[in-house]
Amino acid sequence: MNYQLNSREEELKNSVAQDYFGEFDCRKIMGDIDFCVSPRQTPPNPPLLGGLKTPLPFGEEGQGLLWAEAKKGVSDVYKSVVQLILTIGKARTFDKVLPPPFLGAFDAEKIAFLPYNAIQEIFYQNDFNWNVAPSNHETKEFKQVYDKVKTTIENETLLFYYQKDDQELREFIKTNFVVGNAATSKIRIDKNNFISIYSKWFQTVKPTIAANWDLIKKSGLIDGDFYLADLLSQENIPLKEKLFVLLHKNYYELDRKIDTSGFFNSSKTSFTDQQKAHTQFWNKYERPPKEQYWDYIVERRDLLVPQDVRERKGSFFTPQIWVELSQEYLAKVLGEDWQDEYYIWDCAAGTGNLLTGLTNKYNIWASTLDRQDVDVMKDRIQNGANMMEDNVFQFDFLNDSFEKLPKNLQEVINHPEKRKKLVIYINPPYVESNGRVSTNRSKVQVSTTHNKYATKLEKVAPELFAQFLARIYFEIPDCIIGQFSTLKVISATNSKVFRSNFLAKLEKLFVIPADSFDNVKGKFPIGFFIWNTQIKEKFEKIEANIFETTKNIVGNKYFYSYDNEKGKINDWLMSFKDVSNNYVAVLMADAPDFQHKNLIAIQSIRGTRHGIYFPFNQKNLLWVCVYVAVRQAITATWLNDRDQFLYPQETWQTDKKFQNDCLAFTLFHGQNKISSKYGINHWIPFTEHEVKARQKFESNLMAQFIAGKLKIAGADVLFEKETKNTTVAPLQFSPEATAVFSAGRALWAYYHESINKIPLANLPPKAVDAAFYDIREYFQGRNAAGKMNSKSADEKYNELLADLREKLDMLAKKIEPKIYEHGFLKR
């Protein structure tokens, strides 16, 4: 085959599908994966991709044969395969569907295949950062995978050029892409897919096993042991005796041992549903796997832990770069010889990666919630990890008594002077004991610590990291705390009571992006805090160092408690509430920080979602526009995500240009969702003549106010300083705001030019009175899900809207310094 180098990617995918994979189904779409090949589920259809508009389901009933990355022209297919691997790992696609036997990549010249099992283990590494951008070829993660991919493909001769290797490529596909009737055949289990099938077993079969999972967990077993019992059996009879759990027809046998009298004893448990779910589940899969895979699967028992369990335990991998940086900061605060002079205890150790790089193993303790993590750490010790095996132990920090601690650690904790030399060094779980989680919705049992310190923690009590801090602070007084966590403990309103009880000096803080941590999603800061609990002081503010992707400081930023402020911006909003009706719109507001920025909008009617709904009229319209502009003018970033908007100083009251600029900004911002469909539209900022409307508008309120013909509100009226002179001049706008009005006028005029060509009888109701939101909807339309499209087929409209947004960005930059000047935000 010979493909044109200038072929578009979709055209190339269609051609490869038709020429080489015509016997297969190439229509399915799997997230961000470019190209999927799977057995046909129905009678053959043309394999072309272009006509497919909706992603097809891709589940167990049609396990894939190939996931591939496609590139037009000629490319480095090794890099393409790596990009695919990073894409799969970031989305954890293999947790949702069964992975195929092969990954691959192709361009207009060649195609490469990579056996999935050759790369599978990297998906389950706790020390691999999946949050790097797959397209960034310079990261250490990309380079690590690239070397593995290139070596495997070259060694196994899995690279084929269409022209010179056409016959060999077809033979490879014929031999390795085995087509069967997947609708009736059982799915084979091998070392490629046993982990993904475990995830499905966990959801389907485990809930029907009549077991006390808390007791099983304390015995050192995991639910994966029951899965292995199922997997390594035939007709529900065990095939491998050396397992922790065995399946015997309709029950499991566990805790097998010889008692003190020399008799063999064991425990048994069965099913709560007469084994129905178990039978239905295993009807889909062929078990046991081939015997050649048995030992491998048993050896990788450590991988049979659900992702949410790792998250609950606090197994958020701390990237090595931040581990190293945190230890450098501890050395800055405690001195170069801190590891020899201080004791170190990681009481949320997981598998111990936070302790990597520490040198004095005699002064290090590591404890974790689960037995299997202890086993992993002890195995690491056998392979050279710098820890003492006796100092690694299972301990539930939020529930267990300190009497369970090793004697040498108890000696430190119970000795007032030694305790001053103890560093509690942790990256605790980012999860709440009421079930709300930063990365999932797992249920977590309320802890003893939660109950003991609930009044001192108050609203932040559900946060597990706050519970860790509370127990450390109150039960290990005068120690040093080196802790990774979100910034809630120092900045969140809900943490105010906790801050009044947690009196310690914050010696040092650096912040990093949350998404640089494995399994943490979202754009917000995570900090490394060093607290000196010997010094009793209430936190108010600190200047923190900022890092992003390297250990080079990119800047500094102050973080505040906000406990001494007059109030937040929503308190200010309520200060000009007016109940005299005649409302012109409703403000939808929410919590006063950047993470809720997208929930701030003005609309015609009250919504149904949880939030603050603030109806407003002519008297307080201008102040609502100030509120919207202040909340929207500054771009939300990971760094400012938790910054709080405050009750401002009084200086804003006399800053007319600032107020007017906020009005202009709000009128043309995307969060202006006023629509004429829901009543009279008072938000048209132009006259009929300016935009050449074919009919009179229902309301000229906004245009009259801008022209100085209508007094809506002003600082004099609002603050009871009204005089007899009520003459109002036209509003004065900055050059930036004037440019926004000009761009907006051009857009409005183009809209009316467009609808003026339509017979009046054919126009939708109130088309002439369209608001900014209605104009966007008219040109951009909506997709099948009802969401407004991001662009229009009308290029002139796209140009006009782009120009308006550019002018609006310039106005936002004009408003931004005023937001700080008037005290809506602190620098």
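Guide: A residue is called buried when its relative accessible area is under 20%, and exposed when that area is over 50%. Please also bear in mind that this is a predicted model.

Visitor: What percentage of the 827 residues in the chain is buried?
Guide: The chain is built with 30 helices and 25 strands. Residues under 20% relative accessible area count as buried. Of the 827 residues in the chain, the buried share is 55%.

Visitor: Among contacts between residues at least 6 apart in sequence, what share joins residues at least 24 apart?
Guide: The contacts considered here are those in the chain between residues at least 6 apart in sequence. The share of these that joins residues at least 24 apart is 69%.

Visitor: Is Gln120 buried or exposed?
Guide: Gln120 lies in the loop between helix H3 (116–119) and helix H4 (140–155). In sequence it stands 26 residues from Phe94, while the C-alpha to C-alpha separation of Gln120 and Phe94 is 9.7 Å. The relative accessibility of Gln120 is 2%, and because buried means under 20%, Gln120 counts as buried.

Visitor: Why does Ser491 count as buried?
Guide: Ser491 belongs to helix H20 (residues 488–491). Beyond its neighbours within four places in sequence, Ser491 is in contact with Arg499, Tyr560, Ser561, Tyr562 and Gln644. The cut-off for a buried residue is under 20%, so Ser491 counts as buried by reason of its relative accessibility of 5%.

Visitor: Which residues line the largest cavity?
Guide: The largest cavity holds about 30 Å³ of space. By class, its lining has four nonpolar, no polar and three charged residues. The lining residues are Lys557, Tyr558, Phe559, Tyr560, Tyr562, Asp643 and Lys826.

Visitor: At what angle do helix H29 and helix H30 pack?
Guide: Two packed helices are described by the angle between their axes and the distance between the axes. For H29 (residues 772–780) and H30 (residues 795–821), the axes are 11 Å apart. The crossing of H29 and H30 is left-handed. The angle at which H29 and H30 pack is about 145 degrees.

Visitor: Which residues make the contact of H29 and H30?
Guide: By class, the contact of H29 with H30 has five nonpolar, one polar and two charged residues. On the H30 side, the contact is made by Tyr797, Leu801, Leu804 and Arg805. On the H29 side, the residues are Phe772, Arg776, Phe779 and Gln780.

Notes:
Residues numbered from 1 in each chain as written. Predicted model: local features only at pLDDT ≥ 70, side-chain atom pairs only at ≥ 80, totals over all residues. Heavy atoms only, no water. Axes fitted to C-alpha atoms, helices over the stretch in contact; angles between N-to-C directions. Helix = DSSP H or I, 4+ residues; strand = E, 2+ residues; numbered from the N terminus. Left-handed = near helix turned anticlockwise from the far one by under 90°. Contact = heavy atoms within 4.5 Å. Nonpolar A, V, L, I, M, F, W, Y, C, P; charged D, E, K, R; others polar. Buried < 20%, exposed > 50% of the residue type's maximum accessible area, 1.4 Å probe, protein only. 1 Å grid on protein atoms, 1.4 Å probe; cavity = no way out; pocket = protein on both sides within 12 Å on 5 of 7 lines; lining within 4 Å. Points joined across faces, edges and corners; volume = space filled by probe spheres on them.
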